[in-house]
Amino acid sequence: MTEKIDYVQLYSDDLKRCAVFESLMTDYVKELDEHGHEPMPEGFLKKWVGSIISMQGPKDRHLELCYLGGEPIGFLYGKVDRDGHNGYIRPGWGYIMEFYVIPSRRRKGCGREMYKRLEKLFKDDGADKMYLTADPVTGKPFWEAMGFSATGERSPENKMEIYEKTSSLDWGKIKLMPLTEKTTEEIGGWKYESPYDVYSFRGEADGWLMDRSTWGKEQFCLACGGRVIGQVACQKDGEDLWVGWAMAPELCGKGHGAEFVKRCVSELRRVTGHDGRIMLRVSAQNQRAVRAYQKAGFKYAETIRDEIAYSGRIEDFWVMELKDGAEK
Ligand SMILES: CC(C)(COP(=O)(O)OP(=O)(O)OC[C@H]1O[C@@H](n2cnc3c(N)ncnc32)[C@H](O)[C@@H]1OP(=O)(O)O)[C@@H](O)C(=O)NCCC(=O)NCCS
């Protein structure tokens, strides 16, 4: 898109723009009805539009009209769910409530630009996870192209399928922090999909994880704001630092592995002051992890046979090393 979209927050005392919003909403609701939504009862639209307008004000509620060259081409409407909000909510998540581009302006990248704008507004409000219920005709293909995926869950309110997305991670802002009650509880609940389920903590108060004397010394979490990205452990052995870590299950299989490992290494060096060799042990079966380690600069050192955690099965493990200064 070469033209720039102008965004204007709607306020209830801006009667001219409120009338523009009502007119766009009329076309939007008519179209969604044609797509099989439960038809809106006669006379309800005006009341509904009025109640939406009257709710504008809090910083994390965004209803913006979108203009191209002075022409209103649609609107975006989202808020961050907070404890105490009514209805189906996910506290801390950005909820995209309504989203519309007029038909004559479609498939020209306007929706994409408007979505980027809303994602930025959510990020500024501290929400990097978003969800919505997708219109089955025009909504689904658009939201899928924006990186949302179907959860298989339906909203108890409008019965439509819920789609969700976690926005991209800003690795530079992700830091190693001491474990706390809250973060150990969250990590203890992590479950990985098969064949990686052997790494799940299974909600058990794992003795090592719960050993407070190690928190901030040998055990950490990698976090950004309130969001836990990974669990990280380390132990000094002579001149070497042995490490072990796990990325939050929701981030696995999405191409974050090497970045995660690189960040763990740089943060461990910063926090512990260790500038020598870093060693780790990984199941030879876990090629996904091996590839991430190689991308981050780790090299194969030797194979050992050992017992796999929880299952008691004996397996081959690779020992991998990252020599001082070999990180990529
Ligand atoms: C959904 C909507 C906002 C998309 O707006 P848009 O300006 O056409 O979106 P974009 O041009 O930015 O599309 C971005 C990408 O989404 C995908 N996409 C969008 N609409 C699509 C459609 N109808 N079919 C298939 N793919 C679609 C494409 O991959 C597109 O990229 P491309 O054009 O380069 O192939 C618009 O169709 C609309 O307002 N529909 C009616 C209301 C609605 O469904 N709102 C969402 C409620 S959940």
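Lys159 lies in the loop between strand 6 (149–154) and strand 7 (161–166); helices (H or I, at least four residues) and strands (E, at least two) are DSSP runs, numbered from the N terminus. Its phi is near 65°, a positive value in a residue other than glycine. That is worth a look, because most residues other than glycine have a negative phi. Lys159 counts as exposed because it has 10 other C-beta atoms within 10 Å. The cut-offs here are 20 or more other C-beta atoms within 10 Å for buried, 12 or fewer for exposed, and partly exposed in between, with C-beta atoms placed from the backbone.

Before going on, keep in mind that this is a predicted model: local features need pLDDT of at least 70, side-chain atom pairs count only at pLDDT 80 or more, and totals for chains, interfaces and linings use all residues. Residues are numbered from 1 along each chain as its sequence is written.

Arg107 also has a positive phi, near 55°, and is not a glycine either. You'll find Arg107 in the loop between strand 4 and helix 3. With 9 C-beta neighbours inside 10 Å, Arg107 counts as exposed.

Now step back to the whole chain. The protein is divided into domain 1 (6–166) and domain 2 (171–322), with bounds that come from an automatic or database domain assignment. The C-alpha centres of domain 1 and domain 2 lie 39 Å apart, and the C-alpha atoms of the protein fill a box of roughly 75 × 40 × 35 Å along the principal axes. In secondary structure, the protein comes to seven helices and 14 strands. Of its 328 residues, 27% are buried. Take the contacts with a separation of 6 or more, and 60% of them are between residues 24 or more positions apart; a contact means C-beta atoms, placed from the backbone, within 7 Å.

Tyr7 has Cys66 as its bridge partner in strand 2. On to strand 3: strand 2 pairs with it in the antiparallel sense over eight bridges, and Tyr67 stands opposite Pro72 there. The hairpin of strand 2 and strand 3 has two residues between the strands, and Gly69 takes a positive phi near 50° in it.

Cys66 turns up again in the largest nonpolar core, which has 34 residues; Cys66, Phe75, Leu76, Leu118 and Leu132 are those with the most contacts inside it. Such a core is a set of buried Ala, Val, Leu, Ile, Met, Phe, Trp, Tyr and Cys residues joined through C-beta atoms within 7 Å. The elements giving two or more residues to this core are helix 1, helix 2 (44–54), strand 2 (61–68), strand 3 (71–80), strand 4, helix 3 and strand 5 (129–133). Zoom in on Leu76: leaving out residues up to four places away in sequence, Leu76 touches His62, Glu64, Cys66, Phe99, Met114, Arg117 and Leu118. There's also a second, separate core of 32 residues, which includes Phe220, Val232, Leu268 and Met320.

Next comes the ligand. It is surrounded by 20 residues, and the closest are Arg106, Gly111, Gly139, Pro141 and Ala145; a residue is near a molecule if its C-beta atom, placed from the backbone, lies within 6 Å of it. Helix 1 (15–34), strand 4 (94–101), helix 3 (110–124) and helix 4 (139–145) each supply at least two residues of this shell. Helix 4 gives the largest share, four residues. By class, the shell has ten nonpolar, four polar and six charged residues. Ala, Val, Leu, Ile, Met, Phe, Trp, Tyr, Cys and Pro count as nonpolar, Asp, Glu, Lys and Arg as charged, and the others, Gly among them, as polar.

Finally, follow the chain to strand 14 (residues 314–322), which runs antiparallel to strand 13 with eight bridges between them. Lys299 has Glu321 as its bridge partner in strand 14, and Thr303 stands opposite Trp318. Strand 12 (residues 278–283) is joined to strand 14 by six bridges, again antiparallel, and here Val282 stands opposite Trp318. As for strand 13 (residues 299–307), the number buried among its nine residues is zero, so strand 13 lies largely in the open.

Methods: Two residues are in contact if their C-beta atoms, placed from the backbone, lie within 7 Å. Two strands pair if DSSP finds at least two bridges between them.
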